[in-house]
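Q: Hey, I'm new to this one. Can you walk me through it?

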Amino acid sequence: MEALKATGLSKRYVWSGGSNQALKEVTLSVPTGSILGLIGRNGAGKTTFLRIASTSLLPTDGSMQILGHDVVDDSVAVRERIAVIPQESRPFYWMNPRELIYYFLTMRGHTKADARTRADEALAELGLTEYAGTLVSRLSGGLRRRAMVAMVMASDAEMVFLDEPTTGLDPLARRSVWEAIRKAAKANRTIFLTTHYLDEADALSNRIAILEKGKLLAEGPREAITAKVKHPYRVVVSDGFSRSELERYGEPIWLENRWLLLTGEREAREISKMALERGAKLSLAPVSLEDIFMQIVGKDISVDEAEADEGA
Amino acid sequence: MKERKLPSVWAIVSMNGFLPLRRQPLFLINTLTSPFSFLFLLFIVGGAAAIPYGVAGGLVLTILSIGTSLQGDMTHYKTDLKFQEMVVASPVKAGTYVTGMALSEFVFSIPGMTVFVVLSFVYGHYIFLGGLVVAAALVLLWIFATALGFTLATYLADVRETFMIAPILSIALTVVPPVYYPVDRIWAPLRPLAYLSPTTWAANLVQGALGLSPTPLTLAQGLLDGAVLLLFAIVLFLIAWKKAQWRER
Ligand SMILES: Nc1ncnc2c1ncn2[C@@H]1O[C@H](COP(=O)(O)OP(=O)(O)OP(=O)(O)O)[C@@H](O)[C@H]1O
Ligand SMILES: [Mg+2]
């Protein structure tokens with residue numbers, strides 16, 4: 001079954017004196033048990049999409065089903081099956097991680113005993129056992145974020161929405177969050193996450209969706225998206241090549257002391273042969289998600305919408 | 001998972017009431033400050049004779065403050081912590097969340113209620129069944145205050161706005177209307193205006209039950225007060241039901 005199915009989904013924010021089309025006819029399906037990474041620049045519409053899916057925002061047009069239930073007409077059934085960490089959400093500072101999880105679960109309907117067991121498991125899974133009794137007000141930002149992840153992961157939600165779950169986490173903490181997410185997906189839960197870290201989306205998710213200015217530009221398994229781009233290879237060569245020479249194969253970019261070139265398979269082979277003959281240093285790899293994003297969106301993910309529009 | 005009403009409410013009361021209290025007991029004193037300031041002023045200006053009115057007013061104000069705290073906390077949880085969004089995306093229904101929140105605000109007003117109830121026995125002259133009358137008036141006012149707080153919270157965009165709303169509410173609903181004084185102190189032509197505030201009706205009941213009104217509380221008057229108060233509670237409840245936004249548009 002499809003865990004999420006959006007059809008022609010649009011959202012226009014309207015306020016007195018203005019409006020903003022945040023989503024434009026997005027059609028997307030996510031199979032059960034997958035980890036979908038929704039990526040896009042600031043203001044692309046990720047949070048808007050996620051909030052409609054998690055039933056806290058109404059769409060303007062189109063429809064969306066979560067686990068077979070309509071988010072507008074059958075929101076009660078949807079809400080019984082999901083959990084969310086909103087972007088920039090924070091835990092209560094007067095509670096400790098164990099209490100946060102325990103009360104969140106009993107509030108959702110878990111029995112006390114079940115809530116206790118699940119709390120301990122989630123704490124251990126996210127490396128929080130040692131902080132289980134420490135008040136949130138004394139925890140670092142990354143530990144607070146992990147406590148939030150533990151809250152929703154400990155629940156029995158079949159589908160979990162995470163809006164930038166790892167922002168502000170150190171690499172080790174990020175990995176513990178990744179582990180928890182992977183484990184949840186193995187138990188056939190569906191994870192829907194947004195992120196600005198493309199390496200994270202790449203490492204974690206088995207499906208990628210790219211939003212740009214409210215439009216869905218690409219969606220599917222990573223390999224399918226890679227296959228779609230014009231230049232599936234990333235070539236980096238040191239000196240020994242001139243710009244004009246490389247321009248025959250693509251658009252070379254000068255990075256301080258070497259050239260970066262995204263190109264096709266045949267071209268990549270030719271360049272490596274030339275590099276070998278000249279004794280120039282070369283590295284050849286499939287494109288990273290960042291390169292794919294560049295090619296599909298036409299802009300780097302770190303350029304936000306406002307800046308890009310000013311530049312245009 | 002399905003919602004289990006009582007445990008859900010209990011969890012919310014614990015999160016928002018008992019736990020913060022346990023970690024910061026000063027919260028207990030906080031709700032006592034306003035009613036006691038008024039009591040003190042009344043005593044200084046009006047002497048011992050004014051104390052019963054200060055006590056009746058204290059009961060009303062303490063209950064009403066549940067609404068003001070509620071709009072503050074709910075706005076904070078919605079806009080800053082994004083906790084409300086986590087509740088929306090869960091089996092917990094809006095009514096359960098609001099009930100839990102309103103009960104947890106009640107937890108904070110327990111000391112105030114206790115003190116003023118005790119004072120009401122010391123300084124009031126309860127009429128027959130007066131205790132029941134007071135309880136009914138306060139429960140109806142509590143429903144009104146809760147619906148008001150919830151509705152306001154869904155429209156406020158930031159906690160700073162709740163700081164602005166709180167004093168306005170308190171002046172419009174407790175300082176100006178005859179909550180701390182009998183309604184006949186108001187110049188007769190202006191008196192009908194006082195009846196626009198539900199607190200006027202509640203205070204009339206409380207004052208009457210404590211034997212304070214210049215004219216004793218008759219059964220007819222009591223029923224009228226109660227009915228109007230109930231109407232206020234129902235209307236506000238319906239507004240909350242229809243207009244308050246659990247899911248954003
Ligand atoms: N409540 C709102 N009212 C009006 N416009 C809004 C509102 N929320 C978001 N928008 C607008 O909708 C667009 C999409 O915003 P959204 O928050 O969904 O983006 P995002 O991809 O999550 O961005 P970020 O990476 O910065 O979190 C933006 O142009 C934003 O300004
Ligand atoms: Mg966002």
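Q: What kinds of residues make up the lining of the largest cavity: nonpolar, polar or charged?
A: The lining divides into nine nonpolar, no polar and one charged. Here Ala, Val, Leu, Ile, Met, Phe, Trp, Tyr, Cys and Pro count as nonpolar, Asp, Glu, Lys and Arg as charged, and the others, Gly among them, as polar. Keep in mind that this is a predicted model, where local features need pLDDT of at least 70, side-chain atom pairs count only at pLDDT 80 or more, and totals for chains, interfaces and linings use all residues. Residues are numbered from 1 along each chain as its sequence is written, chains are lettered from A and ligands numbered from 1 in written order, and side-chain values use heavy atoms, leaving out hydrogens and water.

Q: Which residues line the largest cavity?
A: From chain A, the lining has A:Arg90, A:Pro91, A:Phe92, A:Leu100, A:Met148 and A:Met151, and from chain B, B:Met15, B:Leu81, B:Phe83 and B:Met86. Helix H5 (141-154) of chain A and helix H4 (83-88) of chain B are the elements that give two or more residues to this lining. Helices here are DSSP runs of H or I with at least four residues, strands are E runs of at least two, and both are numbered from the N terminus.

Q: And what volume does the largest cavity have?
A: About 60 Å³. A cavity is a set of points on a 1 Å grid over the protein atoms alone where a 1.4 Å probe fits but cannot get out, and lining residues have an atom within 4 Å of a point. Points are joined across faces, edges and corners, and the volume is the space filled by probe spheres set on them.

Q: Switching topic: which protein donors does the magnesium ion have?
A: A:Thr47 (OG1) and A:Gln87 (OE1), lying 1.9 to 2.1 Å from ligand 2. A:Thr47 is in helix H1 (residues 46-53) of chain A and A:Gln87 in the loop between strand E6 (82-85) and helix H3 (97-108) of chain A, so the pair ties together parts that are 40 residues apart in sequence. Donors are N, O and S atoms within 2.8 Å of the metal (3.2 Å for Na, K and Ca), and water is not among the atoms, so sites may look incomplete.

Note on methods:
1 Å grid on protein atoms, 1.4 Å probe; cavity = no way out; pocket = protein on both sides within 12 Å on 5 of 7 lines; lining within 4 Å.
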